[in-house]
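Reader: I am new to reading structures and would like to learn how the terms are applied. Could you go through this one with me?

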Amino acid sequence: MRGLRGRPLTVVDGGSGVGAALVDELTHAGVAAELAVGRRPAAVLTRARGGVVLLGGLAGPDTAATDGSPTGAMLEVQRDAFNWARAVAGSGLTEDSDPGGRGSAVFVTVQDTGGDLGLGGARGDRAWLGGLAALATTAAAEWPSVAVKALDCERAGRSPAAVAAVVAAELLRGGDTPVVALRGDGTRLVPAVLPADEDAARPAGRAGPRTGSATASRPADAARTELEIGPETVIAVTGGARGVTAAGVVELARRHRPRFVLLGRTALADEPPGLAGARDERALVRELARVSGTAGGPARLRARAREILAVREVRATLAALAEIGAPVRYHCLDVRDERAVAAAFDEVRREWGPVHGLVHGAGALADRLIVDKTDDDFARVFDTKVGGLRVLLEELAGDPLRLLCLFTSVAGWFGNPGQSDYAMANATLDHVASAYQAAHPDCLVRSIAWGPWAGGMVGSLLAEAFTRRGIPPIPLPRGAQAFADELTGAPDGAPATAAGSTRVMIASCDASVIGGAGRGPAAGVLGELAVHAGAQPWLVDHSPAGTAVLPLAMALDWLARGALALSPAVASGVTLRDLRVLRKIALPELARGGHRFAVVAAPGRQPGETLLRVDGEGGVPHYSARFGPDRSPPTSGERWPTPAGLVDHPEESARHRDRIYGQGALFHGPRFHAITWLMGMSPDGAEGTVVGVDELAWGGDGWYFDVAALDGGMQLAGLWAWRALGGAIPVAVRECRIHRPGLLREPARGVVHARGIDGVHTHCDVAVLDGDGAPRIELLGVELVLRPDRMSRSR
Ligand SMILES: NC(=O)c1ccc[n+]([C@@H]2O[C@H](COP(=O)([O-])OP(=O)(O)OC[C@H]3O[C@@H](n4cnc5c(N)ncnc54)[C@H](OP(=O)(O)O)[C@@H]3O)[C@@H](O)[C@H]2O)c1
């Protein structure tokens, strides 16, 4: 793993007893490490600045918890890990700079949830630790320059020295694989997502959930726990009166008409008269201001409007159920409140009898980067899901539960910038579901990791960002049907989507888009590429944090060459869609052994479409893009006028590269100085002159298009994002059109057109245009995500 040979690592024992032995192992291997002294992360991290290895997840359940329970102890380990992560971000270790030239910082979480990421459910006592890996994957997404790894290492009764040896071996020799499970018997597992109907052929050495898309075909003969739902079945649903869970409840009611107990915080108060005509938040704010004045300001009016809309939503769900004829009770409570939950279920049992099913859909968001999250944000998001489930399972322990369904998220498996608490909470629920299933084999347990829906907590900007990454939102009716199918099978008699599997993902895309399904049987290697400082010395000048990183433009060149291997028509141009950075390509061995990559092709979603991927060592997917079904050269209807309002800031706009590259926004060394003139920037975009591979003397003869020139265009986008947001890195491109393959003959025009900005994302279009005004390369829908380390510098 990169970063180990830099500044001393801080090993946090966290009550595991493994810390001292791990420090010994690492020191013996020449890696500087010291045991953290003291529990205050911020104080510790000012002294040791190499990063942290958190071992609290290996601690036994006997660790003293504030509430004295093993579950409480596991949850405290998670909160403690989050505090360390926040301190890492706050200490500046995640900054994209390395003044000492000693490599990346390191962030490692280690947990023992059975050595299989809790999938087997055998370690039910430890399932409540299950969010640690999600903290690490979110940290990796938020901190591009930090080397991150999450380990699930089964202790299996081994001595601290033996466990330390296994952990050290993975850190020293396990490469950059981000999530690894290590069983007590020596098996090493790397998680992957498999399509539902490929599950039978799951390869050895893979752990993972199954996916079913909202339109997936279903295995006909898979065994599953039968769930009969009828008019006497009592199903409690948290969050079931609003949002996407309500859509699922109504669909289940239509099919089986059980009795529903819906739980939510919205109190069913009457709204002031005269507002019925105002249907949305904006109209309500206007009407409220008219009826009751503007005292308290717009924030109060907006909050009041949201309360009114929430009440209307609950009433609409209750009315829909009444119309279907499904009996329903609504209890206004907070699922974290043990006493309120106990009182509600006492009433339910008195009037309706025992509870047979629980669907836990309650959830909350407070999206902020780890460094900015407050304790309150974390508590609200994490406890609503995890604390709520704990309260509910304790309350229903004596009821004959035949169904447990948890609404979780793909963020739990892959992390998501801004959602550390949410990802941790969902991953914990996934682990608890597996443990519950193992302990209750007769209960149908499903933890559904949903992709984005077109509704509920996913707003329009977030939905657009997911769509650009190839994951369009699930339409409400399709999601509701998929939920009901998952529990009781489709109405046509077909069994559930991912029969027999406790952890399921459902999204409007295939498994490879969500998280990389591995190469799969139909994938073919189109070409292999070696990267080495001997052949590509200029890559050293693309080192954002002291370690070289492959630029997106170069990965696009490889993918385009993959397309050329499939179709000779590509020689005169190509369109690739949904280019996605699945995992950045760091090149720590550039000057030593170098790195090897493969461009592979697998069948796409549509007939005639190919999914192209750049895979690293061990088949780890790094970039993907779609090619076809139309393989003809691209045409362009875009216009590329100079963006409006360009401002020629002397400190930014210059004919001298020293000034363009000397202001701190661009990290590029001289052999990446592709911008020769920065004409100016404005909120609408940026423009400048860029040069190419020949001018920068990169050499080489295998280029499909001028990568240096496109990198220059992307640098312009980076400069614009730096001014707009405070720095951002590209994560996806909706459409890449290479109109003119080959290298530039003369300097070209680089243009960036702004498309939108929210708190975390920016969207823009980028073009490199020839002297005749025709586009050479167009990247439409470039999505850049905010870099936390840059933000402070620009504001
Ligand atoms: N929407 C998506 O795209 C998406 C994607 C992946 C996963 N999910 C999951 O699906 C579930 C529902 O999401 P949604 O999009 O429908 O969100 P939503 O519209 O924000 O609804 C959240 C629901 O949870 C309830 N709730 C929140 N905190 C609660 C608490 N402390 N006690 C009781 N009830 C509480 C809310 O009711 P009150 O406000 O009345 O309390 C509401 O019914 C969540 O678990 C979410 O993580 C959603």
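Author: Let us start with a term: buried means under 20% relative accessible area, exposed means over 50%, and partly exposed is in between, with a 1.4 Å probe and only protein chains counted. This is a predicted model, where local features need pLDDT of at least 70 and side-chain atom pairs count only at pLDDT 80 or more, while totals for chains, interfaces and linings use all residues. Residues are numbered from 1 along each chain as its sequence is written, and side-chain values use heavy atoms, leaving out hydrogens and water.

Reader: What makes α16 mostly covered?

Author: In α16, 11 of its 15 residues are buried. Among them are L552, M554, W558 and L559. Helices (H or I, at least four residues) and strands (E, at least two) are DSSP runs, numbered from the N terminus.

Reader: Why is D615 called buried?

Author: The relative accessible area of D615 is 0%, so D615 is buried. This residue belongs to strand β21, residues 610–615.

Reader: What joins the side chains of D615 and R613?

Author: A polar contact of 3.0 Å. The term stands for a pair of N or O atoms within 3.5 Å; within protein, one must be able to donate a hydrogen and the other to accept it, and residues adjacent in sequence count only if both atoms are side-chain atoms.

Reader: Why does H431 count as buried?

Author: H431 has a relative accessible area of 6%, so H431 is buried. You will find H431 in helix α12, residues 420–439. A polar atom of the H431 side chain lies 3.0 Å from the backbone oxygen of L117.

Reader: And why is R257 called partly exposed?

Author: Its relative accessibility is 42%, so R257 counts as partly exposed. R257 sits in the loop between α6 and β12, and has a positive phi of about 45 degrees although it is not a glycine.

Reader: Why does A697 count as exposed?

Author: A697 reaches 63% relative accessibility, so A697 counts as exposed. A697 lies in the loop between β24 and α18, and here too the residue is not a glycine but has a positive phi, of about 55 degrees.

Reader: How do you know that the span of helix α5 agrees with what it should be?

Author: The expected span of a helix is 1.5 Å times one less than its number of residues. For the 14 residues of α5 that should be 20 Å, and the end C-alpha atoms are 20 Å apart, so the two agree.

Reader: Which residues of α5 are buried?

Author: They are V163, A164, V167, A168, E170 and L171. These residues cover an arc of only 160 degrees around the axis, so they are on the same side of α5. The arc is that of the directions from the helix axis to the C-beta atoms.

Reader: Which residues come nearest to the ligand?

Author: Of the 29 residues around the ligand, they are R242, R265, T266, Y422 and M457. Being near means that one of a residue's heavy atoms lies within 4 Å. A polar side-chain atom of K385 lies 2.8 Å from an oxygen atom of the ligand.

Reader: How much of the ligand does the protein bury?

Author: Taken alone the ligand exposes 880 Å², and the protein buries 94% of that. Such areas come from the Shrake-Rupley method with a 1.4 Å probe; for residues, only the protein chains shown count as cover.
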